[in-house]
Number of protein chains: 2
Amino acid sequence: MNLAELPTPSLVLDVARVRRNAARMSERVKNMGARLRPHIKTHKCVQVARLQTTAQAAALTVSTLAEAAWFAARGFTDLTYAVPIEPGKFAAAIELARDCERLALITDELEIPAQLNAAARAANVRLELFLKVDCGYHRCGVEPHTKEAREIPRRIQEASHLRFAGLLTHAGHSYHSRTLDELQRIAAHERDALVEFAAALRRENIPVPIVSIGSTPTISTVEHLAGVDEARPGNYIFFDAFQATLGSCSFEDCALTVLSAVVHRDASRSKIVIDAGAIALSKDRGAVEFDETCGYGRVLDLDGNDLALRVGSLSQEHGIIEVADAALFAQLKVGTRLRILANHSCLTAAQHPHYNILEDGRIVDRWQIQRGW
Amino acid sequence: MNLAELPTPSLVLDVARVRRNAARMSERVKNMGARLRPHIKTHKCVQVARLQTTAQAAALTVSTLAEAAWFAARGFTDLTYAVPIEPGKFAAAIELARDCERLALITDELEIPAQLNAAARAANVRLELFLKVDCGYHRCGVEPHTKEAREIPRRIQEASHLRFAGLLTHAGHSYHSRTLDELQRIAAHERDALVEFAAALRRENIPVPIVSIGSTPTISTVEHLAGVDEARPGNYIFFDAFQATLGSCSFEDCALTVLSAVVHRDASRSKIVIDAGAIALSKDRGAVEFDETCGYGRVLDLDGNDLALRVGSLSQEHGIIEVADAALFAQLKVGTRLRILANHSCLTAAQHPHYNILEDGRIVDRWQIQRGW
């Protein structure tokens, strides 16, 4: 099928770029002596997970238990669920653990080891549990210097039906780096904070099987991974306008666009409207702190050439694009197909039921996206 | 099932409020002498459409052809697709028209009547086509004073396989009203601009079968609908924090919340993290222009009491809430269930696969949401 024959709006995935992004990150992490455990929250798609685990362990990170169940049922049975576990999800996690070779959970809460252990014991299951560490992002996790940071691993270790999996962190604050230098400082700190904390625990006779770190910006720019066991970047598989603005990749690495159609044009206001709105693109502002003009996505033609336009505002099924260039405006008739390079590929992908796979200029396949919780 | 037993995050719909909102709007529009053609983009759910068309014609407005197909297959065969039609969707619209008693499309483009007529003639189908009018929102539509505003109805009228359905507008700029007075001025103008334009066309011997207007803020506050045939509000069925802030409703009218669980707490930063993030809530800022502190949703307890907290920031599966009150913070353990009243119910609903129906304090049913395009 030709790209122009797809219904609009729909997701278009450039599979050559996905393969290239996958190969580069796999090689990069391998060369630095760590294992890659990609975060599949970006794509939620089994075929993409297969591409990104080519020639390596089929180990994944997931953001929901629904993703865990979907991937486990399709052969990915070595999973880390990287949102802190809470009691309302114990039963579902325990059921899933029975279907997995290894399902690791994370916690940063003093009370959770005893509560989870009671549930695991009652179910006669043994669960892996990481300590979630805060390396500066301040979203979740305990800071290494706190009492809890020592006490939680001890409680996990002592629990009959838990196994202390190690330390896990995510330097999400890397997304706000102003310079490559700042980004690399955050990347070094993400690594060093965990490696040093692991060493301190080991000196206290607490074995730390795995040191797990990762975000796409930090793993893309960190200078080495000495002492790190596994890296968990996710966005790198598609990249997006935000990552390219931040410097994690080039715009030519970005694999995900939204095909849309011009549905309205207004010469007096030099604007067009497309049928990709807030649902099709998501309302993520992306790199707005670095680029005030980023809007809700860059506008490309069918071949992927940047038209130097932005989706300026969104309503549910409408995207509004200012077109100051009169010659370009004249070409953009109602019905013209455009591709929108979204700000944040993870959120845009999650708005759609499937990827349309673009290869050598043709749509060759359709891959399902597993949404929901 | 008890509310607290639902998986998190998930949508909770207070069906008594839905029924009350439906009845009020139906009665209001009927009393003003117009017909209600509710916009189902807010809910995308057949059961909700049935509630909102109780004791009236089962006529609906839709925002996508996928919605049109879904509802047509379930007995709703009088539909208006209220996004301007473009040539790439002609074939799908014509197929749908065969399954409908009446499928009306809209246009604001001079070239479309001839193009659509050619397609309709080739398919031997007769299509209804509205002129989309701009009454001040400036998103889509032609302004009544322009040459196109006279020429497009004429071209539709002359086309062998089209029928001129009338005039259709949407005062989306009402969402930015600062005062009730301003809102009522916009509502009066939405009505008057179309009624006067219809009169002018009729004087030129162009019959205007239907004058169709509507947005939830304007139809909720307009003083009369003389000369208007149908009203197309949508959001009123659920309302949301934005509409309550704007004055279209009270907070007690808001029917849609997202059930979520506390997954992290940080006493040193007086914050908690819930498992409803950017996907579960959408990143709509809602009424931020009226209420800078609106964040991404208001935080309610399980009974729906407002805790005077806001979801301050979002990542994909995390929502961050500052909790300054130490006594309240102490109650919000990991695992506590909270309900988030989202800023914009249309966008939040579209993030989920189904509604969990809350009635008399219990979850009594689950209703499917038809997403996609």
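These questions and answers cover a predicted model with chains A and B.

Visitor: What strand order does the open sheet of eight strands in chain B have, and which are the edge strands?
Guide: The pairing in this chain B sheet is parallel. Its strands run in the order S2-S9-S8-S7-S6-S5-S4-S3. Two of them pair on one side only, which makes them the edges: strand S2 (35-36) and strand S3 (59-62) of chain B.

Visitor: Which residue in S6(B) stands opposite B:Ile106?
Guide: Strand S5 (residues 102-107) and strand S6 (residues 127-133) of chain B pair in the parallel sense, over four bridges. In S6(B), the residue opposite B:Ile106 is B:Phe130.

Visitor: Which angle does the direction of helix H4 of chain B make with that of S5(B)?
Guide: Helix H4 of chain B spans residues 90-99 and packs on the sheet. It touches S5 and S6 of chain B. Its direction makes an angle with that of S5(B) of about 150°.

Visitor: What kind of axis relates the two copies?
Guide: Chain B can be laid on chain A by a turn of 180° and a shift of 0.0 Å along the axis. The RMSD is 0.0 Å. The two copies are therefore related as by a two-fold rotation axis.

Visitor: In chain B, which residue has the C-alpha nearest the axis?
Guide: The C-alpha in question lies 2.7 Å from the axis. In chain B, that is the C-alpha of B:Lys283.

Visitor: Do the copies meet through the same surface or through different ones, and what percentage shows it?
Guide: Take the interface residues of chain B and look for them in the interface of chain A. The copies meet through the same surface, because the share also found there is 100%.

Visitor: How many residues are in the largest nonpolar core?
Guide: A:Leu13, A:Leu167, A:Phe238 and A:Tyr355 touch the most other members of this core. The contacts of A:Leu167 include A:Phe130, A:Phe197 and A:Ile210. The number of residues in the core is 113.

Visitor: What is the omega of the peptide bond from B:Thr8 to B:Pro9?
Guide: B:Pro9 sits in the segment before strand S1 (10-14) of chain B. Most peptide bonds are trans. The bond from B:Thr8 to B:Pro9 is cis, with omega near -10°.

Visitor: Is B:Lys44 buried or exposed?
Guide: B:Lys44 lies in the loop between S2 and helix H2 (46-52) of chain B. Its phi is positive, about 55°, although it is not a glycine. Its relative accessibility is 3%, and the cut-off is under 20%, so B:Lys44 counts as buried.

How values were computed. Residues are numbered from 1 along each chain as its sequence is written. Chains are lettered from A and ligands numbered from 1 in the order in which they are written. This is a predicted model: local features need pLDDT of at least 70, side-chain atom pairs count only at pLDDT 80 or more; totals for chains, interfaces and linings use all residues. Side-chain values use heavy atoms; hydrogens and water are left out. Two strands pair if DSSP finds at least two bridges between them. Helices (H or I, at least four residues) and strands (E, at least two) are DSSP runs, numbered from the N terminus. Contact means heavy atoms within 4.5 Å. Axes are lines fitted to C-alpha atoms, for helices over the stretch in contact, and angles run from 0 to 180 degrees between N-to-C directions. Copies are superposed by least squares on the C-alpha atoms of residues with pLDDT of at least 70 in both. A nonpolar core is a set of buried Ala, Val, Leu, Ile, Met, Phe, Trp, Tyr and Cys residues joined through side-chain atoms within 4.5 Å. Buried means under 20% relative accessible area, exposed over 50%, partly exposed in between (1.4 Å probe, protein chains only). Lists of a residue's contacts leave out its neighbours within four places in sequence.
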